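Subject: Structure handover

Hello,

Here is the structure you asked to take over. Please look through it first; my notes on it follow below.

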Amino acid sequence: MRQNDHFTVLSLELHLFFARIMKEHSLFLVAAFTPANAALAKQAEHFMREFEQLLFRATVLGDGVISREALAAGEIFTPFTARAERHTECFTGIPINGDITARQVRLRWRSCSGTNPRLRGQVQALNRTALELLNGLIALKKQILCEVLNGQIFTMNYPLLLEHIIREAKLYREYVCRLEQEGDLDCCSMAELEQFWNQIMMEHALFIRGLLDPAEEELIKTAHGFAEDFCCLLERSRCVHDQTLTRETREKVCALRDFKAAGTRGIEEARIRSVILPLLADHVLREANHYLRLLS
Ligand SMILES: [Fe+2]
Ligand SMILES: [Fe+2]
């Protein structure tokens with residue numbers, strides 16, 4: 001693939017995954033505030049709308065351009081996403097633009113080589129918008145975390161979840177910067193990648209464990225087991241990194257992905273007792289699917 005095409009395809013795939021992640025982080029922030037913090041909720045909702053716009057733009061530009069692998073990975077949307085959005089809109093009262101998901105279900109992968117020459121400029125504009133929005137959203141998330149840790153405000157989001165979504169936003173920003181400066185993302189090593197995402201997977205297991213109803217003993221035990229397994233993998237990857245570790249990691253992420261998929265279905269069908277929004281369940285499932293694509 002020509003350098004030019006590589007840059008546009010990688011940028012669009014990045015936004016299709018991460019802009020949705022950012023709009024959902026913003027929604028989780030809004031949904032977890034009490035009426036006392038209406039002003040912060042309003043700021044978070046602003047970012048939700050802006051990232052929604054960015055995602056819509058990436059969806060339009062990415063049609064017939066992105067790779068089959070990115071489209072098939074289950075990281076842009078899953079079979080649960082549309083329903084999870086409808087339920088979450090109903091449970092939170094926060095409007096969610098379901099047209100984007102409906103459009104994404106019809107996305108086509110790249111069928112021929114070469115992209116429209118105007119696309120590069122449009123993608124560069126998208127990257128600049130993403131960077132501006134990310135600076136703003138990261139600052140807001142940091143402010144919320146700081147005020148929570150200082151006992152100034154209350155939110156239903158765990159402080160660790162706030163730290164977690166700050167790290168994900170910073171990774172997105174770093175990737176957009178690398179694409180803008182180097183036109184590629186090749187410089188990310190597998191060791192770096194596994195350290196980042198193994199920590200994310202460990203924390204997902206901890207969040208699931210902590211948001212399940214105390215009566216869901218079996219599911220809590222399973223989530224706890226995943227957290228311990230990823231903690232082990234994380235410690236090992238900090239000492240030595242080899243192919244055996246990558247293979248074991250892939251197997252563990254597959255198992256966690258299956259657990260999350262079953263959980264998302266169970267939450268959507270109201271068979272699992274929890275305080276997990278359906279869209280949060282689908283969100284962590286998409287992140288596991290994204291990591292699996294990076295591992296393959
Ligand atoms: Fe996330
Ligand atoms: Fe996450």
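A note on terms before the domains come up: domain bounds here come from an automatic or database domain assignment. The model is a predicted one.

**Domains**

The assignment divides the protein into domain 1 (1-186) and domain 2 (188-296). Taken over C-alpha atoms, the centres of domain 1 and domain 2 are 20 Å apart. Across the boundary, 25 residues of domain 1 are in contact with 21 residues of domain 2. On the domain 1 side of that boundary, α1, α4 (81-92) and α7 each supply at least two of the residues that touch domain 2. The most come from α4, which gives 7 residues to this side. Sorted by class, the side of domain 1 that touches domain 2 holds 14 nonpolar, 6 polar and 5 charged residues.

**Overall fold**

The protein has 11 helices and 0 strands. Its pattern along the sequence is therefore α-α-α-α-α-α-α-α-α-α-α. The radius of gyration is 19 Å, close to the 19 Å that the globule rule gives for 296 residues, so the protein is as compact as a globular protein of that length. Along the principal axes, the C-alpha atoms fill a box of roughly 55 × 50 × 35 Å. Of the 296 residues, 41% are buried. If you look at contacts between residues at least 6 apart in sequence, 78% of them join residues at least 24 apart.

**The core**

Which residues touch the most other members of the largest nonpolar core? They are M201 and A205, in a core of 77 residues. At least two core residues come from each of α1 (3-32), α2 (38-62), α6 (117-149), α7 (159-182), α8 (190-211), α9 (217-239), α10 (243-268) and α11 (278-295). The most come from α1, with 17 residues. Domain 1 and domain 2 both give residues to this core, so the core lies between them. As background, nonpolar side chains in soluble globular proteins tend to be buried together.

To see what surrounds M201, leave aside its neighbours within four places in sequence: M201 is then in contact with F230, V253, L256, A288 and Y291.

H204 is placed in helix α8. Why does H204 count as buried? The cut-off is 20 or more other C-beta atoms within 10 Å, and H204 has 25 C-beta neighbours inside 10 Å, so it counts as buried. From H204 to F226 the separation is 22 residues in sequence and 9.2 Å in space, C-alpha to C-alpha.

α2 has 25 residues and reaches 35 Å from its first C-alpha to its last, close to the 36 Å expected at 1.5 Å a residue. Just after α2 comes G64, with a positive phi of about 75 degrees.

α7 has 24 residues, and its first and last C-alpha atoms are 34 Å apart, close to the 34 Å expected at 1.5 Å a residue. The buried residues in α7 are L161, L162, H164, I165, A169, Y172, V176 and L179. After α7 comes G183, whose phi is also positive, near 75 degrees.

**Two loop residues**

F33 lies in the loop between α1 and α2. With 20 C-beta neighbours inside 10 Å, F33 counts as buried. Apart from its neighbours within four places in sequence, F33 is in contact with L40, A41 and T155. F33 and T8 are 25 residues apart along the chain, and their C-alpha atoms are separated by 37 Å.

A270 is found in the loop between α10 and α11. Is A270 buried or exposed? A270 is exposed, because 10 other C-beta atoms lie within 10 Å and the cut-off for exposed is 12 or fewer. Phi of A270 is positive, near 55 degrees, and A270 is a residue other than glycine.

Regards

Technical notes. Residues are numbered from 1 along each chain as its sequence is written. Chains are lettered from A and ligands numbered from 1 in the order in which they are written. This is a predicted model: local features need pLDDT of at least 70, side-chain atom pairs count only at pLDDT 80 or more; totals for chains, interfaces and linings use all residues. A nonpolar core is a set of buried Ala, Val, Leu, Ile, Met, Phe, Trp, Tyr and Cys residues joined through C-beta atoms within 7 Å. Helices (H or I, at least four residues) and strands (E, at least two) are DSSP runs, numbered from the N terminus. Two residues are in contact if their C-beta atoms, placed from the backbone, lie within 7 Å. The expected span of a helix is 1.5 Å times one less than its number of residues. Ala, Val, Leu, Ile, Met, Phe, Trp, Tyr, Cys and Pro count as nonpolar, Asp, Glu, Lys and Arg as charged, and the others, Gly among them, as polar. The radius of gyration is taken over C-alpha atoms; the globule rule is 2.2 Å times the number of residues to the power 0.38.
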